[in-house]
Structures are given as C-alpha cells and as structure tokens.
Amino acid sequence: MAITDVVVPQLSESVSEATLLNWKKQPGEAVEADETLIEVETDKVVLEVPAPVSGVLTEIVRGDGSTVTSGEVLARIDTEAKASAAPAPVQAAPAAAGGQATPAVPRAAPKVAVAPSAPAAPARAASPAAAKILAEKGVDPASVAGTGRGGRITKGDAVQAGDQVASKAPAPAAPMTPPLSLDGRPEQRVPMSRLRARVAERLLQSQSENAILTTFNEANMQAIVNLRGRYREAFEKEYGIRLGFTSFFVKAAVAALKKYPIVNASIDGKDIIYHGYFDIGVAVSSPRGLVVPIIRNADQLSIADIEKQIADFGARARDGKLGLEDLTGGTFSISNGGVFGSMLSTPIINPPQAAILGIHATKDRPVVENGEIVIRPMNFLALSYDHRIIDGREAVLALVAIKEALEDPQRMLLEL
C-alpha cells in the first residue's frame, strides 16, 4: 500500500480558511492524476482540488461543508490499489456547529478487488480531463467523435465540441438565488456562501470605517459612440474582441488618477499610501455574487488589452475560474450598474481603497448645447470617496477630469 495525502491548496495571505463544497468521488472509486476531487470555496473564489496521483480514493478525512485551512489533509489515495466493484457511499461527516467538522469514523482501506474480465469499452470513452470539459459544457459524449486511440475522446476533442455548442446556444448563467415556489406563503432558508458573507462584511466595514461622500456629474458619450461606430468592425476583426464602453472608462479613470494621485491612494492606519501604479478593479457579476478582478498596470495597456481582460474576467467569473491572484490588490475600482439598467447609484468604496467610480446606463437625453436643446447619449457618473483623505475639491476635479476624457477621447491619447 502506498498512500498519498490530498491536501488543501495554499490560500492567499488574506484568506485564513475555506469551506468544502461537495466531493465528486467516494471511497473505493478510482481517480486519475489531476482529476478534480472537490471544490474549496473561499471568501473570494472557488478552487478546484485535483488528485495529486492516480489510484483509489481510500478515505475522505473532511466531509462536505467542513471548514479547512491551507495544507490540511482532506483525503487519502492508495496508488497501488484497484477500484472496488461498489464504492462505499461513506464519507466524513459535514461541519458541525462552530464551523468544525465532526471527526471521520476510522475505517480500513477498501480491500483490493480482483480485477474482473475487462468489459467492452464504451463507444465514447473520454479521458478525465475531456469528461470534465464535456460535463461543464453540457455536451453528450455520445455526440463527440474521439480522435484518440480506439476512438477515445481527448481534451482537444472536448474543447472543440464545447466551442461548437457554445457558438450555437450559449448556456445561461446560473441563477443568483434558488427557485422558490410561490404557492401559499413559502419561505426558504439557505446559508450564505463565503463570498456573500465576505461581501456583506466588507460593505459594513466600508460604511462604518470610511467617511463616504459621493459627487455626481454627467458625461456626453457622443464622441465615444461615434468612435465605436466608426471602428467597431475593424477593431473586432483585428483583435477578435468587441469594442465596448468599459475600456474607455478605465482609460479615463487612469487619466484622472494621474492628475489627482490622492484619489488613487489608500489608508494604512494613520498613514496615506500613494500608489505609483494603476491597478483598476472592475466589478463583475457572477452566479456566486459580485467579484472585483483587477486590471494590473492599466496605464500601460491598450484599449484592446483592456477589453480582452474584461471579457476574460467575465467568462471566468461565470465559470467560477477566477483565481485569488485575480482578486487581490487594486488601487481604484469601477462599478458598472448600467449593464443592468441602473440610471444612478452611490457605489460603496472597496477598502482599503479611497474611491470608486460608478458608471450607469448611457441613454439619449435632451441637453442644452449653444443655447439649443439637442438629444445626446448621456451617462451619469458617481464618484464615492473617503473624505478622511480626499477633500471635496480633489474629488470633484477628478470626476470632472473623467468627464472631460470621455467627452474628448483624444485628450487621453495626448494626456491632456
């Protein structure tokens, strides 16, 4: 017998513990190296824990719902055993009150079963990696022609099949809340996810510790609308990505932060930290809640680079594939309620940052230009800031700088 432990992966310094979601294998079942065994939810992301080696899962030490820390043993794999005919439907008890898991009942490793005569291989056998991709994409393995040995479906086959299905009918995002029958007067109690609980904690922290004020302005988006209309097709053909609005807001924010560095600063105790770089957090909605991945060194990126990162963040947020490194840090944030139709809001600062920009739906509105009423695509802007270190003057001027950059995009190119 050669036992290998399955352990919790290293969590970031800001994450002290995590919660086990659900085991995908049971004791007695065969596993292959790199096959996902369980998902671990932190207050930021969901991490997959793969099998470190191939073999048989002999014991689950920590059950579904357990609270765990970095390096803690979750299960054990015997690399010399063979899978038993009927895996034992037994695993460690879930977390008890107080967040600690009830100790697993000791049990002997399953007996090595005598290998029966080899059954006929399924018509559409798939590698573990391929099977995982097909399951995630909702693709029936029977519909995929494998190119591997003996018709086995390879990872490349699965990726290609998934892309074909996605191009025809993109899968809708999972609902933010579970379905609830409306018959009678029903109620449903569900525990907060770690992410939701952490978001709630940070929002309360922000409101209780920061002196938050919000200043408003409006931006005429006509110049950017015209720019997008003129170059949209050429941009997509050149870079393989749509030209959206958010990249212009990121660039405009960076231009303003360069002029007013205090808005890009943060508080550490009684010190003010001025950041000589621009890591912009862009709020993204996911089935698990709001997450804020970071666009690093946004001042050094092109519009195309920013659009690619935003699209990548959005896709990985929907699939639960964002890593801790994607969500850590940030000197300034942007929240876009406009994608949901919001017209105006007061965004809450993401501590320890000192400010956040709220952008909203761009709508045609009557405005006065040169004494005449004209229709223009307008966007209300909101800048929430920590009045402990940012005075109203700097906040208002920073928002005006964002407005000017949006209304005259050439200013961003000339850094005016």
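**Entry 1: helix α4 and its rings**

I started with helix α4, residues 222-239, where Phe235 and Tyr239 both lie, four residues apart, or about one turn of the helix. I note here that the model is predicted. I looked for aromatic pairs and found that the structure holds one. The ring centres of Phe235 and Tyr239 are 4.9 Å apart and the planes are at 50°; planes under 30 degrees apart would count as stacked and over 60 as edge-to-face, so I logged the pair as tilted.

I then checked burial for both residues. Phe235 has a relative accessible area of 11%, under the 20% cut-off, so I put Phe235 down as buried. Tyr239 comes out at 39%, between the 20% and 50% limits, and therefore counts as partly exposed.

**Entry 2: charges over rings**

I looked up arginines placed over aromatic rings. Arg228 lies over the face of Phe245, at 4.2 Å from the ring centre. I also noted Arg365, whose charged end sits over the ring of Phe380, 4.2 Å from the centre of that ring.

**Entry 3: nonpolar cores**

I turned to the largest nonpolar core, which has 74 residues; Phe332 and Leu406 touch the most other members. Helix α5, residues 246-259, supplies the largest share of this core, with eight residues. I listed the contacts of Phe332, leaving aside neighbours within four places in sequence. Among them are Ala253, Leu257, Val263, Ile280, Ala355, Ile356, Leu357 and Leu383. The list also includes Asn264, Asp279 and Gln353. I recorded a second, separate core of eight residues as well, including Ile133, Val139, Val144 and Ala161.

**Entry 4: helix α8**

I checked the length of helix α8, residues 392-407. With 16 residues at 1.5 Å a residue, the helix should span 22 Å, and its end C-alpha atoms are 22 Å apart, so the two values agree. Leu406 had already come up in the largest nonpolar core.

**Entry 5: strand β8 and its partners**

I finished with strand β8, residues 73-78. Strand β1, residues 3-7, runs antiparallel to β8 and is joined to it by five bridges. I noted Arg76 in β8 as the bridge partner of Asp5. Strand β6, residues 55-60, is also antiparallel to β8, with four bridges between them. For Val56 I found the bridge partner in β8 to be Asp78.

Definitions and conventions: Residues are numbered from 1 along each chain as its sequence is written. This is a predicted model: local features need pLDDT of at least 70, side-chain atom pairs count only at pLDDT 80 or more; totals for chains, interfaces and linings use all residues. Side-chain values use heavy atoms; hydrogens and water are left out. A nonpolar core is a set of buried Ala, Val, Leu, Ile, Met, Phe, Trp, Tyr and Cys residues joined through side-chain atoms within 4.5 Å. Buried means under 20% relative accessible area, exposed over 50%, partly exposed in between (1.4 Å probe, protein chains only). Helices (H or I, at least four residues) and strands (E, at least two) are DSSP runs, numbered from the N terminus. Contact means heavy atoms within 4.5 Å. The expected span of a helix is 1.5 Å times one less than its number of residues. Rings of Phe, Tyr and Trp (its six-membered ring) pair if their centres lie within 6.5 Å; planes under 30 degrees apart count as stacked, over 60 as edge-to-face and the rest as tilted. A charge sits over a ring if NZ of Lys or CZ of Arg is within 6 Å of the ring centre and within 35 degrees of the ring normal. Two strands pair if DSSP finds at least two bridges between them.
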